[in-house]
Amino acid sequence: MTEYVDGPVPDGLTAELIHERHLSVLQRIEEAGGDPEEVSVLAVTKAFGLRVAELAVEAGLTSLGENYAQELEAKARAQSPTLAEVDWHFIGRLQRNKVKKLVGIVGVWESVDRQALVDEIARRDPGARILIQVNAEDEEGKGGCPISEAGALAAHALEHGLDVGGLMTVGPTDQGIDPTPGFRAVAALAGDLGLAERSMGMTADLEEAVAAGTTTIRVGRALFGPRKK
Ligand SMILES: *Cc1c(COP(=O)(O)O)cnc(C)c1O
């Protein structure tokens, strides 16, 4: 597990540099027609070491996103005082048997995409805040339920006492696909369901997400630089 804690820290990365890059992200939001005060920035620290998460907090970013259960667990259990107040969002594909280990760490479960996962979270973390992840383009190998199933899943989660904040989606991984229709469809669906949160847009497609009405962008590379493969 220490491999995650000791994971990479890009050369020259400082809290000041992250702060400057955060300001650039806010400028991108504004230039895309959004209000930087209204769009939250979730800093995605996956594949970076614990030190990068600490630098993000020192730069004023206190909502952090992680994709892998083991990696998040390792970082949270390292007991860094700097990370004590972090609001961790789980944004990756989630196996039901990993939920138990993440209870008490995760503040928002963003990648909830099937009933079995709703049931497990409701049982282990009653009343937890979740988002329903939607796979708007029905892309293969990607998390998220079809648009047609999101309403029923949200209703099921509400019935089981979960705090359903809204919807989350990941733009097309195929660079040839325009992300805008998917983002618009997810934003419209959130409106229809009366859900406020729309977590959509990453480093490569945040402008399209802002134009479509995102409430939270999830950015890693724009803040920390490229991830090592
Ligand atoms: C990695 C990841 C991000 C951040 O991607 P960047 O390209 O680094 O901005 C956001 N959301 C999810 C679900 C991710 O897996």
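**Ground rules.** The model is predicted, so I noted that local features need pLDDT of at least 70 and side-chain atom pairs pLDDT 80 or more, while totals for chains, interfaces and linings use all residues. I number residues from 1 along each chain as its sequence is written, and side-chain values use heavy atoms, without hydrogens and water.

**Ligand.** Next I checked N or O pairs within 3.5 Å. A polar side-chain atom of N67 sits 2.7 Å from a ligand oxygen. R218 places a polar side-chain atom 2.9 Å from a ligand nitrogen. For R227, a side-chain N or O atom is 2.9 Å from a ligand oxygen.

**E66.** I found E66 in strand β2, residues 63–66 (a DSSP run of E, at least two residues). Is E66 buried or exposed? E66 counts as buried because its relative accessibility is 0% (buried is under 20%, with a 1.4 Å probe and protein chains only). Its side chain makes a polar contact with the side chain of T45, at 2.7 Å (within protein, one atom must be able to donate a hydrogen and the other to accept it). Leaving aside neighbours within four places in sequence, I listed contacts of E66 (heavy atoms within 4.5 Å). They include K46, L72, W88 and F90.

Methods. Helix = DSSP H or I, 4+ residues; strand = E, 2+ residues; numbered from the N terminus. Buried < 20%, exposed > 50% of the residue type's maximum accessible area, 1.4 Å probe, protein only.
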